[in-house]
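Please look over the model below before reading on. The numbered points that follow take its pockets, cavities and surface in turn.

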Amino acid sequence: MPVVWSDEVLRHDPRDEVWVGVRTDGTEVPARATVLREALDAAGHPEVAAVAHPDDVLLEVHEAGLVDWLRTAWDAWEAGPYAAAVGSDRVVPYVFPTPFMTSGMPWRYPAATHARAGVWCYDTMTVVGPGTWEAARGAVDATLTAVDLVLSPTGPTRSAYALTRPPGHHAAPAGFGGSCYLNNAAVAAQAFTHAGMRVAVLDVDAHHGNGTQAVFWERADVLYASVHVDPGAGWFPHVLGYGDERGTGAGAGATVNVPLPPGTDDEGWLMAVRLLVEAALRFDADAVVLSLGLDAAAHDPESPLEVTADGYARAGALVAALDLPTVVVQEGGYHLETLGGLAVAALKAF
Ligand code: SP5
Ligand code: ZN
């Protein structure tokens, strides 16, 4: 299966992330993309260069305000006094105008550059630096190129893998966080709907993809189905991803969540993956977007799930057996020593 690659994805380097008020080592590092690329190349997957795409599909997924802010945030920060005055080399939000702050009143867009980040960013871990926009936008181009490959009538490929970084499934229409900026998987699904297809987004990242769920919450043409560690057990994104979230309006029933307890191993996790695949069958999907987080693996530092490489291989086989046009989008996965092997295992059956 082709691996769609853009050099741009290496340009985002969080360096550090601010967690519970302290700067800790960034987890979503550029080396993730490098180890994935090398492992997939060694396993014989051909590489295809990402092609630049216009903003139209992206702007159907995200509000223009968020996209414009992301495009300009670093330049605004650099122009401000922040580097010189306080030594800050990354955009980190400081005031969050939550509904509990604005209390239904007509609030204004902040005048200060340092107050703007919190309008769009909902945590302190997802910093913006030089190259963040270019990397996130390059990941969107890789994603749309993968969709093109799969939809091409002359193309020999029924599935393609977009080596996306930064990841995307926590990015909502107007809010980003969880190391995500632009929602690659949602962009892929939206692009498939332009071909008149019903799309199943199957999300096996260890965390609930609150952003993707938000994009399609009221949509009848895109199923969002996710297996993840139970937010009720204290895990990110904490406030969404419960089993009773099923979508609303036209989208009622087109959201499926299977939260699992910390410590769940292959057997329990694969049972949940089977539920996602069955949901895609019931939904009568014409295309699949697989949000492939590799952080459910046992060694991953960011999740307490205990999945093995064999578990990922079997999950890949379950999704591949749907035998539908499929775009695989890379999400989380942070254990650099095992990441490549996990990706190779997950893609083996395609
Ligand atoms: C795409 C994805 O997998 N995002 C995961 C976001 C969850 N991040 C939660 C971070 C919790 C604290 N981690 C401490 C890391 C210290 N550097
Ligand atoms: Zn994750």
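1. A term before the details. Helices and strands here are DSSP runs, helices (H or I) of at least four residues and strands (E) of at least two, numbered from the N terminus. The model is predicted.

2. Start with the largest pocket. The volume of the largest pocket is about 700 Å³. Its lining takes in 28 residues, and D123, M125, G178, F236 and H238 are the closest to its centre. Two or more lining residues come from each of β2, β3 (22–25) and α9 (210–216). By class, this lining splits into 13 nonpolar, 11 polar and 4 charged residues.

3. Next comes the second largest pocket. It holds about 330 Å³ of space. There are 13 lining residues, and P97, T98, P99, G118 and V119 lie nearest the centre. Both α5 (99–102) and α6 (113–120) supply at least two residues of this lining. Which element gives the most to it? That is α6, with 3 residues. The lining has 9 nonpolar and 4 polar residues, and no charged ones.

4. The structure has 2 cavities of 30 Å³ or more. The largest cavity contains about 50 Å³ of space. Its lining is made up of V204, W269, L290, L292, Y312, A315, G316, V319 and A346. At least two of the lining residues come from β9 (287–292), and at least two from α11 (309–320). The most come from α11, which gives 4 residues. Of this lining, 8 residues are nonpolar, 1 is polar and none is charged.

5. The second largest cavity has a volume of about 40 Å³. H12, P14, E17, G26, T27, E28, M125, T126, S179 and Y181 line it. The class count for this cavity is 3 nonpolar, 5 polar and 2 charged. Note M125: this residue lines the second largest cavity, and M125 is also among the residues closest to the centre of the largest pocket.

6. W19 sits in strand β2 (residues 16–19). Strand β2 also gives two or more residues to the lining of the largest pocket.

7. Last, a loop residue. A250 lies in the loop between β7 (222–229) and β8 (255–260). Is A250 buried or exposed? Its relative accessibility is 55%, so A250 counts as exposed, the cut-off being over 50%. A250 and D221 are 29 residues apart in sequence, with their C-alpha atoms 8.9 Å apart in space.

Technical notes
Residues are numbered from 1 along each chain as its sequence is written. Chains are lettered from A and ligands numbered from 1 in the order in which they are written. This is a predicted model: local features need pLDDT of at least 70, side-chain atom pairs count only at pLDDT 80 or more; totals for chains, interfaces and linings use all residues. Side-chain values use heavy atoms; hydrogens and water are left out. On a 1 Å grid over the protein atoms alone, a cavity is a set of points where a 1.4 Å probe fits but cannot get out, and a pocket is an open set with protein on both sides within 12 Å along at least five of seven lines; lining residues have an atom within 4 Å of a point. Grid points are joined across faces, edges and corners, and a volume is the space filled by probe spheres set on the points. Ala, Val, Leu, Ile, Met, Phe, Trp, Tyr, Cys and Pro count as nonpolar, Asp, Glu, Lys and Arg as charged, and the others, Gly among them, as polar. Buried means under 20% relative accessible area, exposed over 50%, partly exposed in between (1.4 Å probe, protein chains only).
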